[in-house]
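I opened this model to look up its domains, the surroundings of its ligand and a few helices. My entries are below, in the order in which I made them.

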Amino acid sequence: MGLIGGSLALNIKNTYESMHIIGYDINEEQVKLAKSLTVIDEISSSIEAGAKKADFIVIAVPVTQAVQVVQRLESIPLKKEVIVTDVGSTKEQIVQTASCLLSKGIQFIGGHPMAGSHKSGVTASKAHLFENAMYVLTPSPHTEKEAVNRLKKLLAGTKANIIVLSPKEHDKLAGVISHFPHIIAASLVHQAEHYQQGNPLVSKLAAGGFRDITRIASSSPAMWRDILLHNQDALLQMFDYWLDEMHNVRSMIEKRNAENIYAYFSQAKEFRDQLPVRSKGAIPSFYDLYVDVPDYLGIISEVTGYLAEEEISITNIRILETRVDIYGVLRLSFQTDEDRKKAKVCLEGRGYQTFIS
Ligand SMILES: NC(=O)C1=CN([C@@H]2O[C@H](COP(=O)(O)OP(=O)(O)OC[C@H]3O[C@@H](n4cnc5c(N)ncnc54)[C@H](O)[C@@H]3O)[C@@H](O)[C@H]2O)C=CC1
Ligand SMILES: O=C(O)C(=O)Cc1ccc(O)cc1
């Protein structure tokens, strides 16, 4: 009953009102919180008690724990037609372990909603977390097609784009676009911390763009430890490529090779600029709205006050530039494009000029 389990529970409940959702968590506080926030209808006192009654079982725990939960399910008398899925960020080891369920005729379908947050816990759950995100399913060749269709139907309300991949393909792709970037984000933070020892100004200067590119370094260390350990093979290969690449860049700089440095950035820009902007990837983007604001005391509370009146919630706020006598730019971030559109209408209606980058 953490971030992902909670978000799926909320979403499924929104889609199928009559669905009865039973929650279990090793941490009693989390599951109690889930019940009091009406994310679930019922608390189960054990995995066994809940699993026996279930038509669908969603395992939403850290990946090393997911392996153990799958093993635990093997010895529980489950309903014959139950569908078991998980949401882990890695797939090979979990799916491999689940062959013990498949060999008993239990339908297991690996799953990974490729969107989330650096926050953990049920309080950060959101019913629309997976909207426009990719949602990978990794059924085994022994999984029945009808079971995959039933799971897709259960997840339809997430409005995610569901695709089917093999566990190996999944782990490689997730390694490139999610797991390896987390390592790099953490390493940049370590580098800043190292230089901070010689110059305390590092923290002050790191407040801007540095925070953006390292946001994911604030994610759960335990969750990411487990992901790296599960995806060892794919990540080790990526390290080889990355280290070569860094050596090349280093050598371009050392040799003052302006042409190659330009090409390095220009090729990266070209590829990045053609990435889809409207769909969510594994590292979610935020929907930003820029607002021109005059520089006077209380301007931020004025703008946020108008949004609060219309119940539009902001996920982040930053003043990008403000000097005396000129307009500053306020960057407001929203969880969904819909919230951003509402905010645009709200603020323009009150005379502000807004723009979307
Ligand atoms: N955080 C994210 O953005 C995303 C995470 N995932 C995957 O989803 C899974 C869950 O992640 P989050 O929801 O973010 O973590 P979370 O920390 O918010 O929730 C995990 C929950 O699992 C519980 N738990 C741990 N071991 C357990 C066990 N043996 N039995 C019962 N409950 C247990 C914890 O007490 C916690 O409440 C992980 O496998 C992660 O790789 C997938 C997509 C995005
Ligand atoms: O916070 C972020 O940007 C994330 O990286 C979220 C995330 C975490 C784990 C996943 O498997 C997929 C997405």
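The entries that follow begin with conventions and then go through domains, ligand and helices.

**Conventions.** I am working with a predicted model, in which local features need pLDDT of at least 70 and side-chain atom pairs count only at pLDDT 80 or more, whereas totals for chains, interfaces and linings use all residues. Residues are numbered from 1 along each chain as its sequence is written, and chains are lettered from A and ligands numbered from 1 in the order in which they are written.

**Domains.** I looked up the domain assignment, which gives domain 1 (3–167), domain 2 (171–273) and domain 3 (287–355) for the protein chain; such bounds come from an automatic or database domain assignment. I found the C-alpha centres of domain 1 and domain 2 to be 31 Å apart. Contact, meaning C-beta atoms placed from the backbone and lying within 7 Å, joins twelve residues of domain 1 to 14 residues of domain 2. On the side of domain 1 that touches domain 2, α4 and α5 (92–97) each supply at least two residues, and I sorted that side into three nonpolar, seven polar and two charged residues. Here Ala, Val, Leu, Ile, Met, Phe, Trp, Tyr, Cys and Pro count as nonpolar, Asp, Glu, Lys and Arg as charged, and the others, Gly among them, as polar.

**Ligand 1.** I noted 29 residues around ligand 1, with Gly2, Ile4, Ser89, Gly116 and Ser120 coming nearest; a residue is near if its C-beta atom, placed from the backbone, lies within 6 Å of the molecule. Among the elements, α4 gives the most to this shell, with five residues. By class, I recorded 14 nonpolar, 14 polar and one charged residue in the shell.

**Helices.** Helices are DSSP runs of H or I with at least four residues, and strands runs of E with at least two, numbered from the N terminus. Just after α12, arginine 256 takes a positive phi of about 55°.

Technical notes. Contact = placed C-beta atoms within 7 Å.
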